[in-house]
Amino acid sequence: MKSQKLRKLAPELDSLRLGSGWSIYDLEKPQIIVESSYGHSHPGSAHLDKLVTSADKGVHNSGGRAANYYVTDICDGEAQGHDGMNYSLVSRDIMASMIEIHVNATPFDAGVFIASCDKSVPAHLMAIARLNMPAVFMPGGIMKAGPNLLTLEQIGKYSAQYERGEISAAQFMEYKRNACPSCGACSFMGTASTMQVMAEALGLALPGSALIPFQTGELEITAEKAGKRAVKLALEELKPSDILTMDAFENAIMVHAAIAGSSNSLLHIPAIAHETGIELSPDIFDTIHRKIPFILNIRPSGFWPGEYFWYAGGVPAIMEEIKEFLHLDAITVTGKTVGENLAELHKNGFFEKCNSYLKKLNISKRDIIKSIDKPIKAEGAIAILKGNLAPEGAVVKHSAISPKLMQVTLKAHVFDCEEDAMQAVLHKKVSPGEAVFIRYEGPQGSGMPEMFYTTEAIASDPELIETIALITDGRFSGATRGPAIGHVSPEASQGGPIALVENGDLIRIDIPARKLDIIGVDGKEKSSDEITEILEHRRKKWVKPAPKYNKGILSIYTRHCASPMKGAYMEDTHDKE
């Protein structure tokens with residue numbers, strides 16, 4: 001094992017570990033890093049110390065020695081509405097790099113990686129792929145819903161209603177008081193929940209471990225199993241590169257389609273794949289989403305809170321429904337294939353255990369997970385749009401869009417930052433029939449923040465939700481509802497066509513045809529050749545804006561990040577060659 005080889009090269013290592021509380025006998029054992037995002041940063045991480053303790057117990061009981069390391073994450077919810085959101089995406093890459101440092105600076109034979117939320121889960125998965133050390137990922141679970149099934153993504157709607165004077169301060173405070181009643185990821189299929197699901201669908205987490213509700217007590221039991229499995233992985237030397245094959249990524253994208261997963265996954269899954277040397281084209285998401293039906297009735301695209309997902313059988317139940325499409329022979333962290341894992345779960349009573357919680361709620365599994373014969377929609381939730389406005393592509397979660405906006409021509413109303421657009425929406429300065437543009441918010445522009453409050457302001461306005469679209473080179477929250485098209489590439493800061501759009505331009509959105517085009521100027525349609533000529537004329541007058549950040553990590557990130565359609569990861573010199 002690696003740890004024993006490096007003990008000979010670094011004789012001080014034994015002394016230092018003995019000084020940290022290790023016994024002389026521990027030095028000979030498989031050495032397991034238990035890395036987590038534990039910290040008091042938000043409900044998704046505040047409870048992870050308990051899972052760390054359980055994982056440590058599993059490691060100890062299997063003959064290993066655990067060492068606990070921490071890289072606390074930030075909370076996208078707490079970063080909303082101010083420039084703190086600009087730090088969100090880059091935090092993923094910095095966390096992954098810090099985990100890399102922890103593992104490579106000190107010898108370990110395997111690892112348990114524990115996280116719950118938007119950037120911490122993909123950060124840990126990127127690090128696992130990069131390190132290629134035997135590893136098991138332990139998802140941090142999901143919080144319970146509040147009174148009347150209240151969940152956090154509704155707070156954006158209530159905030160907009162409060163700003164417009166539609167609800168009182170007391171009503172608004174009551175919603176805020178009850179939106180997060182326990183620890184765990186927020187109780188809807190946002191980015192945090194989606195990425196926990198992706199970890200399991202990729203084969204890096206134990207079967208049935210994604211989105212375990214906090215209050216069930218199952219999280220600690222599963223974390224102990226993860227610790228035990230890590231010791232066996234160290235001895236078996238089963239590595240992430242054995243698991244993270246193209247088949248595994250295709251399985252994950254199929255599950256993503258079935259659950260109507262967060263659009264942010266189109267940043268994270270390619271970034272994880274990039275660490276393995278696999279380059280995922282955005283077109284693969286579109287192709288798979290066209291053939292896999294959307295079957296999960298969980299918010300924000302469905303009705304029920306995310307807590308109910310695991311009660312309905314979680315990822316294994318989704319996989320059972322789309323079994324005919326999956327690569328069932330893909331190897332997983334258990335050392336068994338996807339198909340073998342599903343067969344074992346049937347034998348050990350996993351599905352019956354999960355469904356027992358639904359019986360207490362007087363809800364059936366089919367209320368939560370539909371059959372592929374009677375899906376919510378025949379296609380998955382995501383589409384990749386291309387055209388003269390987005391030559392490299394743009395992402396839309398069409399499961400959350402009104403049928404009235406699937407094929408529509410709108411008039412451009414342009415803003416160069418989210419704050420201005422948000423105020424215009426709230427103060428009725430945006431009219432039906434407009435395409436609201438928010439640009440210079442891509443990775444190179446400002447770090448690619450979410451446009452969550454603006455989308456919620458639109459979605460909560462009955463006059464706008466079915467009559468306008470929001471188009472941006474920024475990104476959206478996994479909780480986003482309504483007419484939102486993001487990741488427009490090339491972004492404005494690169495001089496992409498989105499930088500050249502002017503007020504009054506006619507914008508054609510055709511989601512079934514996967515098209516996003518500028519088709520007219522000053523409210524009048526033009527030929528494609530005329531549009532090309534107009535855009536070239538505008539490009540000659542365009543002036544690249546000065547960098548928004550000249551120091552700190554955002555200065556580094558905005559200068560070195562890849563396109564959103566590649567994963568918006570920080571590129572190194574090798575990537576650029």
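Since the model is predicted, local features need pLDDT of at least 70 and side-chain atom pairs count only at pLDDT 80 or more, while totals for chains, interfaces and linings use all residues. Residues are numbered from 1 along each chain as its sequence is written, and side-chain values use heavy atoms, with hydrogens and water left out.

To start with the helices (DSSP runs of H or I, at least four residues, numbered from the N terminus; strands are runs of E, at least two), α5 (residues 88-105) packs against α24 (residues 552-560) at an angle of about 90°, their axes 10 Å apart. Axes here are lines fitted to C-alpha atoms over the stretch in contact, and angles run from 0 to 180 degrees between N-to-C directions. The two helices α5 and α24 are therefore roughly perpendicular, a label for angles of 65 to 115 degrees. On the α5 side, L89, V90 and I94 meet I553, L554 and Y557 of α24, where contact means heavy atoms within 4.5 Å. The residues of this contact split into six nonpolar, no polar and no charged; Ala, Val, Leu, Ile, Met, Phe, Trp, Tyr, Cys and Pro count as nonpolar, Asp, Glu, Lys and Arg as charged, and the others, Gly among them, as polar.

Next come the rings. Rings of Phe, Tyr and Trp (its six-membered ring) pair if their centres lie within 6.5 Å, and planes over 60 degrees apart count as edge-to-face. The count comes to twelve aromatic pairs. One of them joins Y69 and F108 edge-to-face, with 5.6 Å centre to centre and 90° between the planes. Y69 belongs to strand β2 (residues 65-70) and F108 to the loop between α5 and β3 (110-115), so the pair ties together parts 39 residues apart in sequence. F108 is buried, at 1% relative accessible area, whereas Y69, at 21%, is partly exposed (buried means under 20%, exposed over 50%, partly exposed in between, with a 1.4 Å probe and protein chains only). The charged end of R17 also sits over the ring of F108, 5.0 Å from its centre; this requires CZ of Arg or NZ of Lys within 6 Å of the ring centre and within 35 degrees of the ring normal.

As for the backbone, most peptide bonds are trans. The bond from R299 to P300, however, is cis, with omega near 10°, and P300 lies in the loop between α14 (282-291) and α15 (307-311).

Notes:
Angles under 35 degrees count as roughly parallel, over 145 as roughly antiparallel, 65 to 115 as roughly perpendicular and the rest as oblique. Rings of Phe, Tyr and Trp (its six-membered ring) pair if their centres lie within 6.5 Å; planes under 30 degrees apart count as stacked, over 60 as edge-to-face and the rest as tilted.
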